[in-house]
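Let's take a walk through a protein model together. Have the sequence and the 3D view open side by side as you read.

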Amino acid sequence: MSKYETIIGLEVHAELRTKSKLFCDCSTTFGAEPNTQVCPICLGLPGVLPVLNKQAVEYAIEAALALNCEIQPYNKFDRKNYFYPDLPKAYQISQYDLPLARNGYVTIHVDGKTKKIGITRIHLEEEAGKSVHSGDNILGSEYSLEDYNRTGIPLIEIVSEPDMRSPAEAYAYLTTLKNILQYTGVSDCKMEEGSLRCDANISIRPVGSDKFGTKVELKNLNSFRAVQKALEYEEKRQAKLLDRGEKVIQETRHWDESTGRTHSMRSKEEANDYRYFPEPDLVPVVISTEWIEKVRERLPELPEAKWQRFVHEYGLPEYDTELIISNRDMAEFFEATVKLHNDPKTVSNWVMGELTRLLKESGQAITESKVTPEVLARVIKLVDKGTISNTAAKTVLEESFKTGKDPDDIVKEKGLAQISDTAELEKVVAEVIAANPQSVEDFRNGKDRAIGFLVGQVMKATKGRANPKLVNELLRKKLQ
Amino acid sequence: MSLYQYTAHELRDMLRRKEVSAAEITDSVLERIDSLDSVIKAYVTVTAEVAKSMAKAVDAQLAQGSDLPELAGIPMGLKDNLNTKGIRTTCSSKMLENYISPYDSTVYEKLIKSMSPLLGKLNMDEFAMGSSTENSAFFNTANPWDLERVPGGSSGGSAAAVAADEAIFTLGSDTGGSIRQPAAFCGVVGLKPTYGRVSRYGLVAFASSLDQIGPITKDVTDAALVLTAIAGHDPMDSTSVNKEVPDYTKFLKEDVKGLKIGLPKEYFVEGIDPEVKTKVMETVQKLEEAGAEVKEISLPHTDAALATYYIIAPAEASSNLARYDGVRYGYRSETAPDVLTMYKKTRSEGFGPEVKRRIMLGTYALSSGYYDAYYLKAQKVRTLIVQDFQKAFEEVDVIVSSTTPTPAFKMGDKIDDPMSMYLSDMFTLPANMAAIPAISVPCGYTEAGLPVGFQIMGPAFGEGTILHVAYAVEKLTGARERRPKLPEKGGAACE
Ligand SMILES: [Zn+2]
């Protein structure tokens with residue numbers, strides 16, 4: 001056991017999936033030619049005014065409800081002032097002291113333990129543009145280019161309580177949070193497109209202490225794994241400092257993926273004074289109880305509720321549950337299949353195994369797949385009834401995945417039905433025994449494993465169509 | 001009498017009676033600008049072709065016999081902080097000297113719909129900061145009543161143009177008195193509407209919670225006419241109020257019987273010019289004789305208004321003007337080796353001293369550690385000022401005062417003394433703080449022949465009431481009858 005306790009809090013930024021930007025009508029589509037999705041308003045030209053996109057507020061309410069937050073009926077926007085070329089107005093419209101929502105939590109499952117991670121607040125703000133530097137950073141570059149397509153896309157910032165005690169918990173919190181946001185559909189949460197970003201705060205303290213240590217903010221965390229690795233590095237670095245009797249400095253540190261280290265960006269003294277003040281160009285946002293309830297009614301069943309149901313109603317192992325609910329469509333596919341064939345564990349094996357493999361190889365989403373819950377349920381039933389072997393079932397599924405053909409037709413066309421005819425199989429069994437005297441000898445000498453080889457030989461001779469159970473029985477009978 | 005000398009409502013009637021054409025009106029005013037503006041220097045940009053083509057369109061429509069909007073064919077000018085597509089919008093700043101806007105402000109859009117020809121863009125204090133138009137980065141504008149005096153500010157060009165008949169009407173913007181103070185100095189009518197009555201979309205922001213656009217006109221009827229055309233809710237401005245716009249000319253009548261007029265004792269104190277005070281009191285007496293009830297009232301937080309204003313307005317300005325960083329448009333210092341130096345040099349070189357002074361004031365007021373003591377406290381005092389007025393309007397229909405403590409001062413007199421310059425707005429800025437409408441109307445002249453402005457403040461959305469009282473003042477004092485003596489040809493006066 002380490003003598004230090006790690007304290008972690010996370011700030012997550014998620015882009016909302018609105019069609020238009022937070023304060024103008026410009027499109028939010030990703031990947032357009034630079035500076036084609038801009039207008040006087042998001043470019044911050046002299047004289048323009050922001051007009052709040054109500055859909056963005058509604059998405060933010062939805063996210064907040066899904067994260068068990070209290071919606072603040074009266075909230076307002078503020079200006080966060082700082083100079084940077086990707087910020088056309090030189091201020092970001094954000095929410096400072098009256099955010100949209102407060103006091104939520106996320107339930108995480110780590111190492112068989114369940115834990116609630118508190119959410120301090122959620123607020124709405126606008127996205128900045130994107131800078132491309134000819135060198136490493138803006139000061140070391142000959143020139144920099146600015147793309148304002150992203151400027152003004154709505155974001156929610158989700159600030160957690162310092163409730164996480166290990167990098168693994170931080171990782172679990174992030175995956176759960178992402179999952180919840182994806183379930184509600186308010187955000188794509190694509191880290192590779194920058195629609196989900198995370199900054200981490202970490203400090204350590206001697207076990208048993210109730211005072212927080214000096215915290216360090218970590219930036220440039222481009223994946224959930226990066227968050228975990230950076231936190232792991234940082235908790236060791238801080239522990240070393242304390243062991244040597246040195247102090248942790250309050251500062252922002254940059255994670256370098258290639259070296260696997262963090263390095264200092266700026267200390268607290270150099271930190272920006274954002275000169276927040278209420279945005280005079282917007283009126284306060286008043287959210288009625290009716291509005292909140294309307295959004296609440298629309299919420300889908302959330303991952304945690306599914307988790308509880310899958311574990312307790314279906315009796316699925318936690319490992320299977322985590323995997324299946326990590327994707328809302330997959331969870332729905334699973335449930336639809338179970339409804340047609342009530343054997344949750346077998347369905348889960350197929351969904352997590354063969355189906356996931358086929359989807360990965362083809363790059364398809366489960367909703368695009370030709371294999372529907374009906375097809376999968378039918379394939380499992382065919383195995384169950386002994387019509388086809390497990391091996392043949394994989395072939396049927398793959399064929400149906402490619403062509404969309406009916407499983408029964410595939411079995412017929414390909415002659416995949418198992419040979420359960422004893423007379424026919426006895427002939428093959430006799431041939432195999434004759435051809436493999438050594439294995440027969442081994443088996444008779446007590447090497448039970450040799451029977452497996454012989455079964456395999458029969459399967460080979462029948463091109464996999466023999467009913468393995470029956471073959472096993474016949475072999476044992478002959479060799480006794 | 002030349003066409004440029006008429007008011008908008010007179011020209012409207014003449015057009016409808018087909019006594020004149022829109023082209024003749026516009027040409028007459030353009031010729032006036034041509035002959036006189038080298039002396040007055042009201043215009044930063046003259047848009048003769050834009051004006052002429054609109055006048056042509058009006059005449060064509062008139063020939064077809066179709067209905068015309070009220071302001072059709074009435075040529076006007078816009079303060080140069082109102083965005084006009086394809087036309088320079090400079091804010092009289094080196095920072096935007098060559099800036100051409102890609103979009104129209106809502107007020108200009110409305111005036112285009114009203115078919116009012118645009119004569120050009122008018123000089124102002126840089127980014128609307130100042131009270132004399134001496135803060136223009138380009139040139140000073142002269143007061144038509146005395147060319148050595150300032151026209152007031154920040155809408156000095158807008159007021160001087162109307163006084164000198166270089167426009168039939170103009171629009172200005174008013175953050176602490178920038179419409180009313182120059183209107184008072186130039187002997188014309190200037191109206192600052194209720195905050196939210198007119199869309200601010202396309203007005204280059206100075207202090208967003210105080211800015212309003214309003215008309216500067218030759219008489220009160222024109223003010224009512226123009227306000228009716230530009231007021232109303234705008235989906236592009238969230239702070240514009242969704243409230244029906246009445247025909248404001250319907251409020252105009254001479255009868256003031258039974259009207260309750262409040263005289264705030266805090267507005268008649270030491271420092272107010274005795275001649276100005278006399279003219280204002282004479283006007284009050286005339287109103288009383290005409291049947292109005294006059295009573296003394298108190299607005300106890302008046303003395304805190306100036307200090308409060310000079311926290312809130314610069315704070316908002318420091319943020320609003322941060323976008324002029326040389327990155328995307330406007331002036332950029334080309335000699336900077338890196339982005340940080342570029343910001344510093346661009347803003348040091350592009351802004352004038354008054355703008356820089358206010359940006360520094362505002363940045364300081366918002367800084368961490370000072371925010372509570374300055375900005376937050378100022379907001380609380382602002383609430384007290386609002387309550388002062390709300391209480392007062394429970395007792396009276398309008399509140400009157402002089403618009404300014406003194407008549408127009410000489411150029412150069414106050415430019416090096418910011419505090420005394422700031423004091424010239426002490427009677428006008430409370431209306432901005434309280435978000436209420438206020439109008440300045442000429443009520444008489446000093447011995448030296450300088451106009452004196454009479455200010456009427458009303459409750460929120462009480463534009464009709466203040467126009468009513470202003471109309472009575474105009475009739476009772478006859479101050480509108482006197483016009484500045486200006487040469488027909490500008491060049492001659494200079495010799
Ligand atoms: Zn836009």
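In which sense do β2(B) and β4(B) pair, and over how many bridges? They pair in the parallel sense, over three bridges; two strands count as paired if DSSP finds at least two bridges between them. Look at B:G77 and you'll find that its bridge partner in β4(B) is B:T170.

A quick word on what you're looking at: this is a predicted model, where local features need pLDDT of at least 70, side-chain atom pairs count only at pLDDT 80 or more, and totals for chains, interfaces and linings use all residues. Residues are numbered from 1 along each chain as its sequence is written, chains are lettered from A and ligands numbered from 1 in the order in which they are written, and side-chain values use heavy atoms, leaving out hydrogens and water.

**The sheet in chain B**

Now zoom out. Eleven strands make an open sheet with mixed pairing, in the order β1-β3-β2-β4-β6-β5-β10-β11-β9-β7-β8 of chain B. At its edges sit β1 (43-46) and β8 (293-297) of chain B, each pairing on one side only. Helices (H or I, at least four residues) and strands (E, at least two) are DSSP runs, numbered from the N terminus.

**A helix on the sheet**

Helix α4 (residues 106-113) of chain B lies across β2, β3, β4 and β6 of chain B. Its buried residues are B:T106, B:V107, B:Y108 and B:L111, where buried means under 20% relative accessible area with a 1.4 Å probe, protein chains only.

**The zinc ion**

Over in chain A, four cysteines hold the protein donors of the zinc ion. Donors are N, O and S atoms within 2.8 Å of the metal (3.2 Å for Na, K and Ca).

| Donor residue | Donor atom | Range for the four donors |
|---|---|---|
| A:C24 | SG | 2.3 to 2.4 Å |
| A:C26 | SG | 2.3 to 2.4 Å |
| A:C39 | SG | 2.3 to 2.4 Å |
| A:C42 | SG | 2.3 to 2.4 Å |

The four donor atoms subtend angles of 100 to 114 degrees, so the arrangement is tetrahedral (all angles between 85 and 135 degrees). In sequence, the donor residues are spaced C-x1-C-x12-C-x2-C. A:C24 and A:C39 are both buried.

The model scores ipTM 0.96 and pTM 0.91. Chain B averages a pLDDT of 96, on a confidence scale from 0 to 100 for each residue.

Conventions
Buried < 20%, exposed > 50% of the residue type's maximum accessible area, 1.4 Å probe, protein only. Contact = heavy atoms within 4.5 Å. Axes fitted to C-alpha atoms, helices over the stretch in contact; angles between N-to-C directions. Tetrahedral: all angles 85-135°; square planar, octahedral: opposite > 155°, others 65-115°. pLDDT = per-residue confidence, 0-100.
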